[in-house]
Amino acid sequence: MELALAEKELKSVVNRLRRAQGQIAGVIRMIEEGRDCEDVVTQLAAASRALDKAGFAIIATGLQRCVGEAGTAADGDAEKMRDRLEKLFLSLA
């Protein structure tokens, strides 16, 4: 399934991923500096949420596109698409 993201959606996803990248770099620095465990875990959780949000944004865009295509797809194709989208959602769970 090819996901063509609109420019606005793409910018939002890339921003989320860059935020997560910065947070992960921060976690690495914190570990190397011997920072407090609670602070490290808090920062790691923030990075995880940023990655999840980016993934969900990508899947939601694909779902929106696929719903439009499902109206013109044969029943078997629609079922395959549904299965693929379900698998994607579950991969982020």
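The structure is a predicted model, in which local features need pLDDT of at least 70 and side-chain atom pairs count only at pLDDT 80 or more, while totals for chains, interfaces and linings use all residues. Residues are numbered from 1 along each chain as its sequence is written, and side-chain values use heavy atoms, with hydrogens and water left out.

The protein chain contains 3 helices and 0 strands, arranged along the sequence in the pattern α-α-α. Helices (H or I, at least four residues) and strands (E, at least two) are DSSP runs numbered from the N terminus. Of the 93 residues of the chain, 19% are classed as buried. Contacts (heavy atoms within 4.5 Å) were also examined by sequence separation: among those between residues at least 6 apart, 71% join residues at least 24 apart. The accessible surface, computed by the Shrake-Rupley method with a 1.4 Å probe and, for residues, with only the protein chains shown as cover, comes to about 6,700 Å², and carbon and sulfur atoms account for 56% of this area.

Helix 1 comprises residues 7-32. Its 26 residues should span 38 Å at 1.5 Å a residue, and the separation of 37 Å between its end C-alpha atoms agrees with this; the expected span is 1.5 Å times one less than the number of residues. Just after helix 1, Gly34 adopts a positive phi of about 75 degrees.

The buried residues of helix 1 are Val13, Ala20, Gln23, Gly26, Val27 and Met30. Gln23 is assigned to this class because its relative accessible area is 14%. Beyond its neighbours within four places in sequence, Gln23 contacts Gln43, Ala46, Ala47 and Ala50. Leu10, also in helix 1, is partly exposed at 41% relative accessibility. The C-alpha atoms of Leu10 and Ala54 are 9.8 Å apart, although 44 residues separate the two in sequence.

Conventions. Buried means under 20% relative accessible area, exposed over 50%, partly exposed in between (1.4 Å probe, protein chains only).
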